[in-house]
Amino acid sequence: MGQSPADPKTHDVYRMLAQDCDVEMHGILDGMSEEEIDMLAPQGSEMLIVSSLHTGREVRIAEHNAIRLVNERLIEAEKGGSVAALILCSSVIPDSLAVR
């Protein structure tokens, strides 16, 4: 959910799926500065998701911000011609995502 792998071709899921289809990997934090990422942090006792950046820094993202960003990335992927999406997350995926 955080950042896509620095080199997607080394990721196990990429290698497995790329045998049969075109694969693109995108993370909800891709292209964001650390300052922008910091603005996604939870306030008070909000539910959160923890992720690691390429720098190794651990970040906390408010769950509602993560869901919003996942929806945005799914819509972007669909507009770009993607016909399927695989979301990798160790949390529960809510029904409110923009998937068909």
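**Close-up 1. The salt bridge between R68 and E72 in a predicted model.** R68 and E72 form a salt bridge, that is, a side-chain nitrogen of Lys or Arg within 4 Å of a carboxyl oxygen of Asp or Glu, and here the closest N and O atoms are 3.2 Å apart. Both residues belong to helix α3, where a spacing of four residues separates them by about one helical turn; helices (H or I, at least four residues) and strands (E, at least two) are DSSP runs, numbered from the N terminus. R68 has a relative accessible area of 37% and E72 one of 32%, so each counts as partly exposed, the class between buried (under 20%) and exposed (over 50%), judged with a 1.4 Å probe and protein chains only. R68 and E72 also belong to a network of salt bridges that links them with R73 and E76. Because this is a predicted model, local features need pLDDT of at least 70 and side-chain atom pairs count only at pLDDT 80 or more, while totals for chains, interfaces and linings use all residues. Residues are numbered from 1 along each chain as its sequence is written, and side-chain values use heavy atoms, with hydrogens and water left out.

**Close-up 2. The salt bridge between R57 and D38.** The side chains of R57 and D38 meet at 2.3 Å, N to O. R57 lies in the loop between β1 and β2 (58-62), whereas D38 lies in helix α2 (residues 34-38), so the pair ties together parts that are 19 residues apart in sequence. R57 is partly exposed, with a relative accessible area of 30%, and D38 is also partly exposed, at 40%. Side chains of opposite charge can pair when their charged atoms come close.

**Close-up 3. The salt bridge between E58 and R60.** In this pair the closest N and O atoms are 3.7 Å apart. E58 is partly exposed, with a relative accessible area of 49%, and R60 is likewise partly exposed, at 45%. The structure holds six salt bridges.

**Close-up 4. L86 in a nonpolar surface patch.** M16, L17, L86 and L88 make a nonpolar surface patch of about 370 Å²; patches are made of residues with over 30% relative accessible area and no salt bridge, like charges being joined within 9 Å and nonpolar side chains (Val, Leu, Ile, Met, Phe, Trp, Tyr) within 5 Å. Accessible areas come from the Shrake-Rupley method with a 1.4 Å probe, and for residues only the protein chains shown count as cover. L86 has its place in the segment after α3 and is exposed, with a relative accessible area of 55%.
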